[in-house]
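Keep the viewer open as you read.

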Amino acid sequence: MMDNSFRALRITEDESGNFSRNIISRTIDELPEGDVLIKIHYAALNFKDALSSIGNKGVTRKYPHTPGIDGAGVVVESKVGNFNPGDEVVVTSYDLGMNVDGALSQYIRVPAKWVIPLPEGINLKESMIIGTAGLTAAISLYKMERNGQKPEHGPIAVSGASGGVGSMAVSILAKAGYQVIASTGKEDCYDFLKKLGATEVVDREYINDDSSRPMIKPKWAGAIDTVGGNTLATLLKGCKPTGSVAACGLVGSPNLSTTVFPFIINGINLLGIDSANYPLEERHYVWAKLANEWRLSNLDDIVTDCSLDELDPYIEMMLKGETKGRIVVKM
Ligand SMILES: NC(=O)c1ccc[n+]([C@@H]2O[C@H](COP(=O)([O-])OP(=O)(O)OC[C@H]3O[C@@H](n4cnc5c(N)ncnc54)[C@H](OP(=O)(O)O)[C@@H]3O)[C@@H](O)[C@H]2O)c1
(Lines give C-alpha, C1' and ligand atoms only; values in the text may rest on other atoms or scores of the structure.)
Protein backbone atom coordinates (compact mmCIF):
# COMPACT_ATOMS: atom_id res chain seq x y z
CA MET A 1 0.00 0.00 0.00
CA MET A 2 1.38 3.35 -1.05
CA ASP A 3 2.01 6.03 1.59
CA ASN A 4 -0.49 8.75 0.71
CA SER A 5 1.69 11.76 1.60
CA PHE A 6 4.63 13.15 -0.31
CA ARG A 7 6.82 16.27 -0.59
CA ALA A 8 6.47 19.02 -3.16
CA LEU A 9 7.57 22.57 -3.86
CA ARG A 10 4.58 24.84 -3.34
CA ILE A 11 4.26 28.49 -4.36
CA THR A 12 1.60 30.48 -2.53
CA GLU A 13 0.26 34.00 -2.99
CA ASP A 14 -0.99 36.11 -0.08
CA GLU A 15 -3.78 38.74 -0.20
CA SER A 16 -1.22 41.48 -0.98
CA GLY A 17 0.06 39.60 -4.03
CA ASN A 18 3.34 38.48 -2.41
CA PHE A 19 4.60 35.01 -3.30
CA SER A 20 6.42 32.52 -1.09
CA ARG A 21 8.07 29.15 -1.81
CA ASN A 22 8.04 26.23 0.58
CA ILE A 23 8.57 22.49 0.52
CA ILE A 24 5.33 21.09 1.90
CA SER A 25 3.66 17.73 2.49
CA ARG A 26 0.76 16.94 0.15
CA THR A 27 -1.48 13.91 -0.39
CA ILE A 28 -2.20 11.98 -3.57
CA ASP A 29 -5.89 12.96 -3.51
CA GLU A 30 -4.88 16.64 -3.73
CA LEU A 31 -3.34 16.06 -7.16
CA PRO A 32 -5.31 17.04 -10.27
CA GLU A 33 -7.45 14.45 -12.05
CA GLY A 34 -5.62 12.50 -14.75
CA ASP A 35 -5.04 9.10 -16.37
CA VAL A 36 -1.59 8.31 -15.04
CA LEU A 37 -0.16 8.68 -11.51
CA ILE A 38 3.62 8.82 -11.64
CA LYS A 39 6.20 8.63 -8.85
CA ILE A 40 8.80 11.19 -9.91
CA HIS A 41 12.43 10.07 -9.51
CA TYR A 42 14.08 13.05 -11.21
CA ALA A 43 12.87 16.51 -12.25
CA ALA A 44 14.71 19.47 -13.77
CA LEU A 45 14.74 23.22 -13.27
CA ASN A 46 13.97 25.30 -16.37
CA PHE A 47 13.72 29.07 -16.87
CA LYS A 48 9.92 28.71 -17.03
CA ASP A 49 9.94 26.97 -13.61
CA ALA A 50 11.98 29.82 -12.16
CA LEU A 51 9.39 32.30 -13.49
CA SER A 52 6.49 30.21 -12.14
CA SER A 53 8.27 30.10 -8.77
CA ILE A 54 8.14 33.87 -8.39
CA GLY A 55 4.50 34.24 -9.39
CA ASN A 56 4.85 35.08 -13.10
CA LYS A 57 1.23 35.00 -14.28
CA GLY A 58 2.32 34.71 -17.91
CA VAL A 59 3.47 31.20 -16.99
CA THR A 60 1.09 30.25 -14.15
CA ARG A 61 -2.30 31.93 -13.83
CA LYS A 62 -3.39 30.61 -10.42
CA TYR A 63 -1.67 29.91 -7.12
CA PRO A 64 -1.06 27.90 -4.93
CA HIS A 65 0.90 25.95 -7.47
CA THR A 66 3.73 23.43 -7.88
CA PRO A 67 6.13 24.26 -10.76
CA GLY A 68 8.13 21.70 -12.74
CA ILE A 69 7.69 21.26 -16.51
CA ASP A 70 10.04 18.23 -16.63
CA GLY A 71 9.62 14.96 -14.74
CA ALA A 72 10.75 11.35 -15.11
CA GLY A 73 9.69 8.41 -13.00
CA VAL A 74 7.66 5.26 -12.68
CA VAL A 75 3.92 4.70 -13.26
CA VAL A 76 2.06 3.88 -10.05
CA GLU A 77 -1.52 3.78 -11.35
CA SER A 78 -2.94 4.05 -14.86
CA LYS A 79 -6.47 4.28 -16.21
CA VAL A 80 -5.28 3.56 -19.75
CA GLY A 81 -4.02 0.33 -21.26
CA ASN A 82 -0.88 1.71 -22.85
CA PHE A 83 0.72 2.45 -19.45
CA ASN A 84 1.10 -0.03 -16.58
CA PRO A 85 2.42 0.21 -13.02
CA GLY A 86 6.20 -0.08 -13.09
CA ASP A 87 6.65 1.52 -16.53
CA GLU A 88 9.45 4.09 -16.69
CA VAL A 89 8.14 7.28 -18.29
CA VAL A 90 8.99 10.90 -19.12
CA VAL A 91 6.67 13.91 -19.07
CA THR A 92 7.80 17.26 -20.42
CA SER A 93 5.83 20.43 -21.04
CA TYR A 94 2.21 20.68 -22.32
CA ASP A 95 0.59 22.32 -19.28
CA LEU A 96 2.68 20.41 -16.70
CA GLY A 97 4.13 22.83 -14.18
CA MET A 98 2.38 25.77 -15.79
CA ASN A 99 -1.30 25.46 -14.87
CA VAL A 100 -1.22 21.81 -13.77
CA ASP A 101 0.77 20.84 -10.65
CA GLY A 102 4.26 20.03 -11.90
CA ALA A 103 7.14 17.68 -11.33
CA LEU A 104 9.03 19.48 -8.56
CA SER A 105 7.01 17.04 -6.49
CA GLN A 106 7.38 13.36 -5.60
CA TYR A 107 4.14 12.53 -7.48
CA ILE A 108 2.26 13.93 -10.49
CA ARG A 109 -1.02 12.91 -12.12
CA VAL A 110 -1.39 13.79 -15.80
CA PRO A 111 -3.31 12.96 -19.00
CA ALA A 112 -1.90 9.88 -20.78
CA LYS A 113 -1.32 11.92 -23.93
CA TRP A 114 1.41 13.90 -22.14
CA VAL A 115 3.37 10.76 -21.20
CA ILE A 116 6.03 9.03 -23.26
CA PRO A 117 7.77 5.75 -22.40
CA LEU A 118 11.38 6.32 -21.37
CA PRO A 119 13.27 6.14 -24.69
CA GLU A 120 15.37 3.00 -24.96
CA GLY A 121 19.05 3.68 -24.30
CA ILE A 122 18.48 6.58 -21.87
CA ASN A 123 18.00 6.24 -18.10
CA LEU A 124 15.61 8.33 -15.99
CA LYS A 125 18.27 10.78 -14.85
CA GLU A 126 19.66 11.24 -18.37
CA SER A 127 16.15 11.96 -19.63
CA MET A 128 16.01 14.89 -17.20
CA ILE A 129 19.47 16.20 -18.06
CA ILE A 130 18.09 16.37 -21.60
CA GLY A 131 14.53 17.39 -20.59
CA THR A 132 12.67 20.27 -22.21
CA ALA A 133 15.98 22.05 -22.87
CA GLY A 134 17.40 19.16 -24.89
CA LEU A 135 14.12 18.52 -26.63
CA THR A 136 13.95 22.21 -27.61
CA ALA A 137 17.51 22.21 -28.93
CA ALA A 138 16.87 18.96 -30.82
CA ILE A 139 13.58 20.23 -32.33
CA SER A 140 15.48 23.34 -33.42
CA LEU A 141 18.15 21.35 -35.25
CA TYR A 142 15.59 18.92 -36.68
CA LYS A 143 13.58 21.83 -38.08
CA MET A 144 16.71 23.56 -39.42
CA GLU A 145 17.79 20.38 -41.21
CA ARG A 146 14.31 19.95 -42.68
CA ASN A 147 14.88 23.42 -44.14
CA GLY A 148 18.16 22.37 -45.72
CA GLN A 149 20.79 23.14 -43.04
CA LYS A 150 23.92 20.99 -43.37
CA PRO A 151 27.26 20.93 -41.50
CA GLU A 152 29.16 21.81 -44.69
CA HIS A 153 27.32 25.16 -44.93
CA GLY A 154 29.36 26.50 -42.00
CA PRO A 155 29.15 27.11 -38.25
CA ILE A 156 25.95 27.44 -36.24
CA ALA A 157 25.77 30.22 -33.63
CA VAL A 158 24.16 29.45 -30.26
CA SER A 159 23.18 32.31 -27.94
CA GLY A 160 22.80 31.94 -24.18
CA ALA A 161 25.13 29.00 -24.75
CA SER A 162 25.92 28.21 -21.12
CA GLY A 163 22.21 27.92 -20.18
CA GLY A 164 20.04 24.80 -20.34
CA VAL A 165 18.83 25.05 -23.95
CA GLY A 166 22.15 26.62 -25.03
CA SER A 167 24.42 23.94 -23.56
CA MET A 168 22.22 21.18 -24.99
CA ALA A 169 22.23 22.92 -28.39
CA VAL A 170 26.04 23.19 -28.41
CA SER A 171 26.37 19.50 -27.50
CA ILE A 172 23.79 18.20 -29.99
CA LEU A 173 25.14 20.34 -32.85
CA ALA A 174 28.69 19.12 -32.17
CA LYS A 175 27.45 15.52 -32.04
CA ALA A 176 25.66 16.04 -35.37
CA GLY A 177 28.91 17.20 -36.98
CA TYR A 178 28.44 20.98 -36.94
CA GLN A 179 31.00 23.62 -36.04
CA VAL A 180 29.54 25.73 -33.24
CA ILE A 181 30.03 29.39 -32.30
CA ALA A 182 28.91 29.53 -28.67
CA SER A 183 28.01 32.97 -27.33
CA THR A 184 28.04 33.54 -23.58
CA GLY A 185 28.05 36.33 -21.01
CA LYS A 186 30.09 34.20 -18.59
CA GLU A 187 33.87 34.48 -18.81
CA ASP A 188 34.27 31.37 -16.67
CA CYS A 189 32.27 29.18 -19.09
CA TYR A 190 34.65 29.23 -22.07
CA ASP A 191 36.31 25.92 -21.13
CA PHE A 192 32.92 24.36 -20.27
CA LEU A 193 31.55 25.26 -23.74
CA LYS A 194 34.70 24.07 -25.54
CA LYS A 195 34.41 20.77 -23.67
CA LEU A 196 30.80 20.44 -24.86
CA GLY A 197 32.02 20.77 -28.44
CA ALA A 198 32.04 24.50 -29.31
CA THR A 199 34.65 25.27 -31.95
CA GLU A 200 34.65 28.96 -31.00
CA VAL A 201 33.41 30.75 -27.88
CA VAL A 202 32.55 34.45 -28.12
CA ASP A 203 31.31 37.12 -25.74
CA ARG A 204 27.58 37.78 -26.10
CA GLU A 205 28.39 41.31 -27.40
CA TYR A 206 29.70 39.61 -30.58
CA ILE A 207 26.05 38.90 -31.42
CA ASN A 208 24.67 42.32 -30.51
CA ASP A 209 25.08 44.55 -33.57
CA ASP A 210 24.08 48.11 -32.74
CA SER A 211 24.55 49.60 -36.22
CA SER A 212 21.44 50.51 -38.16
CA ARG A 213 22.58 48.37 -41.12
CA PRO A 214 19.90 45.93 -42.27
CA MET A 215 22.56 43.26 -42.90
CA ILE A 216 26.13 42.66 -41.72
CA LYS A 217 28.99 40.49 -42.99
CA PRO A 218 27.79 36.88 -42.64
CA LYS A 219 29.48 35.12 -39.74
CA TRP A 220 27.38 31.99 -39.22
CA ALA A 221 25.41 29.63 -41.45
CA GLY A 222 22.50 29.25 -39.04
CA ALA A 223 21.64 29.85 -35.39
CA ILE A 224 19.78 28.61 -32.33
CA ASP A 225 18.69 31.60 -30.25
CA THR A 226 17.52 31.55 -26.63
CA VAL A 227 17.86 35.30 -26.02
CA GLY A 228 15.52 37.19 -28.39
CA GLY A 229 15.66 40.99 -28.82
CA ASN A 230 18.71 42.47 -30.57
CA THR A 231 20.55 39.13 -30.34
CA LEU A 232 17.93 37.51 -32.57
CA ALA A 233 17.93 40.52 -34.90
CA THR A 234 21.74 40.27 -35.19
CA LEU A 235 21.59 36.51 -35.80
CA LEU A 236 19.21 37.17 -38.71
CA LYS A 237 21.25 39.93 -40.33
CA GLY A 238 24.57 38.12 -39.89
CA CYS A 239 23.42 34.76 -41.26
CA LYS A 240 24.78 33.34 -44.53
CA PRO A 241 22.27 33.12 -47.40
CA THR A 242 19.58 30.38 -47.11
CA GLY A 243 20.49 29.61 -43.48
CA SER A 244 17.95 28.97 -40.72
CA VAL A 245 17.63 30.76 -37.40
CA ALA A 246 15.59 28.94 -34.73
CA ALA A 247 13.93 31.31 -32.24
CA CYS A 248 13.50 29.50 -28.91
CA GLY A 249 13.69 32.01 -26.11
CA LEU A 250 13.42 35.49 -24.67
CA VAL A 251 15.81 35.71 -21.71
CA GLY A 252 17.12 39.01 -23.14
CA SER A 253 13.90 40.44 -24.56
CA PRO A 254 10.61 39.32 -26.10
CA ASN A 255 10.88 42.09 -28.75
CA LEU A 256 12.21 41.72 -32.26
CA SER A 257 13.12 44.72 -34.39
CA THR A 258 14.33 43.78 -37.85
CA THR A 259 13.84 44.52 -41.53
CA VAL A 260 12.68 42.14 -44.24
CA PHE A 261 16.11 42.27 -45.95
CA PRO A 262 17.58 39.09 -44.38
CA PHE A 263 14.51 37.25 -45.66
CA ILE A 264 14.12 38.72 -49.15
CA ILE A 265 17.82 39.26 -50.02
CA ASN A 266 19.43 36.29 -48.25
CA GLY A 267 16.49 33.86 -48.08
CA ILE A 268 16.95 33.37 -44.32
CA ASN A 269 14.40 31.10 -42.59
CA LEU A 270 13.17 32.28 -39.21
CA LEU A 271 11.90 29.13 -37.48
CA GLY A 272 9.61 29.36 -34.47
CA ILE A 273 10.14 26.67 -31.82
CA ASP A 274 7.38 25.65 -29.41
CA SER A 275 8.39 22.49 -27.60
CA ALA A 276 5.46 22.71 -25.16
CA ASN A 277 2.84 21.79 -27.74
CA TYR A 278 5.08 19.87 -30.10
CA PRO A 279 2.99 17.02 -31.57
CA LEU A 280 3.37 13.68 -29.77
CA GLU A 281 4.31 11.70 -32.88
CA GLU A 282 7.18 14.07 -33.76
CA ARG A 283 8.14 14.24 -30.06
CA HIS A 284 8.69 10.44 -30.11
CA TYR A 285 10.81 10.85 -33.24
CA VAL A 286 13.00 13.58 -31.76
CA TRP A 287 13.44 11.66 -28.47
CA ALA A 288 14.50 8.62 -30.52
CA LYS A 289 17.12 10.80 -32.26
CA LEU A 290 18.32 11.98 -28.83
CA ALA A 291 18.61 8.34 -27.74
CA ASN A 292 20.46 7.23 -30.87
CA GLU A 293 22.32 9.34 -33.46
CA TRP A 294 22.28 12.46 -31.21
CA ARG A 295 22.94 10.49 -28.01
CA LEU A 296 25.37 12.49 -25.88
CA SER A 297 28.15 10.83 -23.93
CA ASN A 298 28.94 14.04 -22.03
CA LEU A 299 25.64 14.50 -20.14
CA ASP A 300 27.51 14.36 -16.79
CA ASP A 301 29.47 17.47 -17.81
CA ILE A 302 26.23 19.43 -18.31
CA VAL A 303 24.44 18.62 -15.05
CA THR A 304 24.40 20.10 -11.57
CA ASP A 305 22.64 17.73 -9.16
CA CYS A 306 20.54 18.86 -6.25
CA SER A 307 17.72 17.75 -3.95
CA LEU A 308 14.36 19.47 -3.51
CA ASP A 309 15.68 21.07 -0.30
CA GLU A 310 18.73 22.47 -2.14
CA LEU A 311 16.76 23.90 -5.07
CA ASP A 312 15.91 27.41 -3.85
CA PRO A 313 19.25 29.17 -4.55
CA TYR A 314 19.28 27.74 -8.10
CA ILE A 315 15.90 29.40 -8.78
CA GLU A 316 17.39 32.78 -7.83
CA MET A 317 20.54 32.13 -9.88
CA MET A 318 18.54 31.10 -12.95
CA LEU A 319 16.47 34.29 -12.83
CA LYS A 320 19.75 36.24 -12.96
CA GLY A 321 21.09 34.10 -15.86
CA GLU A 322 23.82 32.71 -13.59
CA THR A 323 23.25 28.94 -13.78
CA LYS A 324 25.32 26.69 -16.04
CA GLY A 325 24.00 23.74 -18.00
CA ARG A 326 21.13 21.72 -16.55
CA ILE A 327 19.93 21.58 -12.95
CA VAL A 328 18.52 18.13 -12.17
CA VAL A 329 16.59 17.49 -8.96
CA LYS A 330 16.67 14.03 -7.37
CA MET A 331 13.24 13.60 -5.83
N1 LIG B 1 10.49 27.65 -27.31
C2 LIG B 1 10.52 26.64 -26.48
O3 LIG B 1 9.90 25.61 -26.70
C4 LIG B 1 11.37 26.76 -25.26
C5 LIG B 1 11.72 25.63 -24.50
C6 LIG B 1 12.60 25.78 -23.42
C7 LIG B 1 13.07 27.04 -23.09
N8 LIG B 1 12.67 28.12 -23.81
C9 LIG B 1 13.15 29.45 -23.52
O10 LIG B 1 14.54 29.49 -23.80
C11 LIG B 1 15.17 30.42 -22.93
C12 LIG B 1 16.30 29.72 -22.20
O13 LIG B 1 15.77 28.76 -21.31
P14 LIG B 1 16.74 27.91 -20.38
O15 LIG B 1 15.88 26.99 -19.59
O16 LIG B 1 17.87 27.40 -21.19
O17 LIG B 1 17.28 29.08 -19.41
P18 LIG B 1 18.67 29.18 -18.66
O19 LIG B 1 19.20 27.84 -18.34
O20 LIG B 1 18.44 30.15 -17.56
O21 LIG B 1 19.66 29.82 -19.75
C22 LIG B 1 19.54 31.13 -20.20
C23 LIG B 1 20.92 31.67 -20.57
O24 LIG B 1 20.75 32.87 -21.35
C25 LIG B 1 21.82 33.77 -21.08
N26 LIG B 1 21.24 35.05 -20.60
C27 LIG B 1 20.60 35.26 -19.44
N28 LIG B 1 20.19 36.54 -19.34
C29 LIG B 1 20.55 37.14 -20.48
C30 LIG B 1 20.40 38.44 -20.99
N31 LIG B 1 19.78 39.41 -20.30
N32 LIG B 1 20.88 38.71 -22.22
C33 LIG B 1 21.50 37.75 -22.92
N34 LIG B 1 21.68 36.49 -22.48
C35 LIG B 1 21.21 36.19 -21.28
C36 LIG B 1 22.70 33.11 -20.04
O37 LIG B 1 23.68 32.37 -20.75
P38 LIG B 1 25.13 33.00 -21.14
O39 LIG B 1 25.68 33.59 -19.87
O40 LIG B 1 25.91 31.83 -21.62
O41 LIG B 1 24.92 34.05 -22.18
C42 LIG B 1 21.75 32.13 -19.39
O43 LIG B 1 22.44 31.08 -18.75
C44 LIG B 1 14.05 30.95 -22.03
O45 LIG B 1 13.55 32.15 -22.57
C46 LIG B 1 13.00 29.88 -22.08
O47 LIG B 1 11.73 30.37 -21.78
C48 LIG B 1 11.83 27.99 -24.88
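This is a predicted model: local features need pLDDT of at least 70, side-chain atom pairs count only at pLDDT 80 or more; totals for chains, interfaces and linings use all residues.

A residue is called buried here when its relative accessible area is under 20%, exposed when it is over 50%, and partly exposed in between, using a 1.4 Å probe and protein chains only. Residues are numbered from 1 along each chain as its sequence is written, and side-chain values use heavy atoms, with hydrogens and water left out.

The protein chain contains 9 helices and 15 strands; these are DSSP runs numbered from the N terminus, with helices being H or I of at least four residues and strands E of at least two. The chain is as compact as a globular protein of 331 residues, because its radius of gyration of 20 Å is close to the 20 Å from the globule rule. That radius is taken over C-alpha atoms, and the rule is 2.2 Å times the number of residues to the power 0.38. Along its principal axes, the C-alpha trace spans about 65 × 45 × 35 Å.

Now let's look at some loops. Between strand S5 (88-92) and strand S6 (107-110) you will find serine 93, which counts as buried at 4% relative accessibility. Its side chain makes a polar contact with the side chain of arginine 283, at 3.2 Å. A polar contact is a pair of N or O atoms within 3.5 Å; within protein, one must be able to donate a hydrogen and the other to accept it, and residues adjacent in sequence count only if both atoms are side-chain atoms. Tyrosine 94 lies in the loop between S5 and S6 too. Tyrosine 94 is buried, with a relative accessible area of 16%, and its phi is near 50°, a positive value in a residue other than glycine.

Threonine 242 also has a positive phi, of about 70°, without being a glycine. For a backbone feature of another kind, turn to the peptide bond from tyrosine 63 to proline 64, which is cis with omega near 5°. Proline 64 sits in the loop between helix H1 (47-53) and strand S4 (70-78).

Finally, the ligand. Of the 26 residues around the ligand, Ser162, Val165, Thr184, Ile273 and Ser275 come nearest; a residue belongs to this shell if one of its heavy atoms lies within 4 Å. The shell divides into 9 nonpolar, 14 polar and 3 charged residues. Here Ala, Val, Leu, Ile, Met, Phe, Trp, Tyr, Cys and Pro count as nonpolar, Asp, Glu, Lys and Arg as charged, and the others, Gly among them, as polar.

Which atoms come within reach of the ligand's oxygens? A polar backbone atom of valine 165 is 2.8 Å from an oxygen atom of the ligand, and a polar backbone atom of leucine 250 is 3.0 Å from one. From arginine 204, a polar side-chain atom lies 3.1 Å from a ligand oxygen.
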